[in-house]
Amino acid sequence: MTVNRYGVVAVALALTVTGACGGSDSSSSGTGAKKLTLIQGIANEPFYISMYCGAKAEAAKLGASLSVQAPAQWDVAQQTQVVTSVAASRPGAVMIAPVDKDAMAGPIRQLSGNGSKVIFVDTELTDPSMGASRISSDNKLGGQLAAQALAGQIGDKGKVMVLAPTRGIATTDDRVTGFKEEIAKHPGIRLVSEQYPGDDAGKATELVNGELSKNPDLAGIFASNLVTGEGSGASLKQAKKVGSVKLVEFDASPKQVEDLKAGTIQALISQEPLEIGREGVDQAMNALEGKPVTKQIRTRLVAVTKNNVDDPAIAKYLYKQTC
Ligand code: T6T
């Protein structure tokens with residue numbers, strides 16, 4: 001039995017919604033042509049919940065059935081198990097966020113080998129031949145925006161650190177690259193540490209604690225996703241460095257927004273997960289119906305601060321805990 005960081009006790013989450021035109025559980029009755037599955041990177045996490053909400057609404061609009069599955073943890077073996085069982089059920093199309101850009105290539109080939117169209121949502125594979133469509137934020141740009149926001153917060157000088165869960169995740173790898181490229185353009189800023197705690201907020205806290213001991217004058221931190229952000233914020237609270245060490249994070253979960261308003265976080269680089277889910281369903285349906293499919297779609301990013309968080313235009317960038 002495994003428990004993820006949101007307390008989900010299960011190996012995989014499986015849930016099915018029925019499109020507006022259907023009346024029954026179409027995970028078993030939907031025709032191949034309108035039967036879609038979303039495989040998230042991890043279960044019960046606000047970014048992927050929001051993506052599911054967007055996909056669910058669009059599937060209902062288009063009369064398609066949508067089933068959602070996810071590993072309880074961000075883990076190649078667990079996601080492989082999910083992919084293998086989904087491949088056996090031969091849905092018309094699968095929207096998937098691979099947890100590793102190379103290690104998930106084999107399992108994902110099973111999906112296309114079994115006749116399902118494959119659409120990447122959020123993360124993707126390195127192999128350019130895979131995936132009828134890829135829908136994600138411009139994550140490198142997101143890393144650059146994070147660096148600019150952090151530079152502004154620290155007066156363009158001082159030591160900074162960056163955290164990402166593990167190497168090999170398409171999204172966070174790009175965010176770290178963008179961040180480092182932009183920081184290199186700021187001569188007063190020095191990147192002193194790049195850390196990979198895994199999908200583990202507690203480990204991220206330990207690593208930031210260690211960095212604060214080594215570099216008590218650390219000026220800023222970029223946490224490139226929700227879990228590394230959660231760990232970094234906890235460390236700053238423990239060390240009583242909230243506000244004196246500036247924190248910029250990717251994503252905008254309800255908890256992150258609360259921490260932004262409280263001053264623990266100075267800026268969030270937020271994505272459009274609802275839109276990624278909506279586009280995922282549209283492209284999947286296009287692929288199934290023989291219509292033109294857009295190979296790559298970039299959804300928007302926005303820097304959210306205390307100053308704009310309550311602006312109605314920002315609302316769509318804040319993630320949901322339930323649909
Ligand atoms: O940042 C998102 C997602 O874009 C990334 O690929 C993995 O982490 C999140 O799900 C947030 O936890």
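**Reading a ligand site**

Student: How do the residues of the shell around the ligand divide by type?

Tutor: In this predicted model, the shell around the ligand holds 4 nonpolar, 4 polar and 5 charged residues.

Student: How many residues surround the ligand, and which are the closest?

Tutor: A residue is near a molecule if one of its heavy atoms lies within 4 Å of it. Here 13 residues surround the ligand, and the closest are Glu 45, Asp 122, Thr 171, Arg 175 and Asp 251.

Student: Which side chain has an N or O atom 2.7 Å from an oxygen atom of the ligand?

Tutor: For a polar contact, look for a pair of N or O atoms within 3.5 Å. The side chain of Asp 122 has such an atom 2.7 Å from a ligand oxygen. For Arg 175, the distance from a side-chain N or O atom to a ligand oxygen is 2.8 Å. Gln 271 places a polar side-chain atom 3.0 Å from an oxygen of the ligand.

Student: How much of the ligand does the protein bury?

Tutor: Alone, the ligand exposes 300 Å², and the protein buries 98% of that. The ligand sits in the largest cavity.

Student: Why does the ligand lie between domain 1 and domain 2?

Tutor: Because both domain 1 (11–136 + 272–298) and domain 2 (139–270) give residues to its shell.

Note on methods:
Residues are numbered from 1 along each chain as its sequence is written. This is a predicted model: local features need pLDDT of at least 70, side-chain atom pairs count only at pLDDT 80 or more; totals for chains, interfaces and linings use all residues. Side-chain values use heavy atoms; hydrogens and water are left out. A polar contact is a pair of N or O atoms within 3.5 Å; within protein, one must be able to donate a hydrogen and the other to accept it, and residues adjacent in sequence count only if both atoms are side-chain atoms. Accessible areas come from the Shrake-Rupley method with a 1.4 Å probe; for residues, only the protein chains shown count as cover. On a 1 Å grid over the protein atoms alone, a cavity is a set of points where a 1.4 Å probe fits but cannot get out, and a pocket is an open set with protein on both sides within 12 Å along at least five of seven lines; lining residues have an atom within 4 Å of a point. A molecule sits in a cavity or pocket if more than half of its atoms lie within 2 Å of its grid points. Ala, Val, Leu, Ile, Met, Phe, Trp, Tyr, Cys and Pro count as nonpolar, Asp, Glu, Lys and Arg as charged, and the others, Gly among them, as polar. Domain bounds come from an automatic or database domain assignment.
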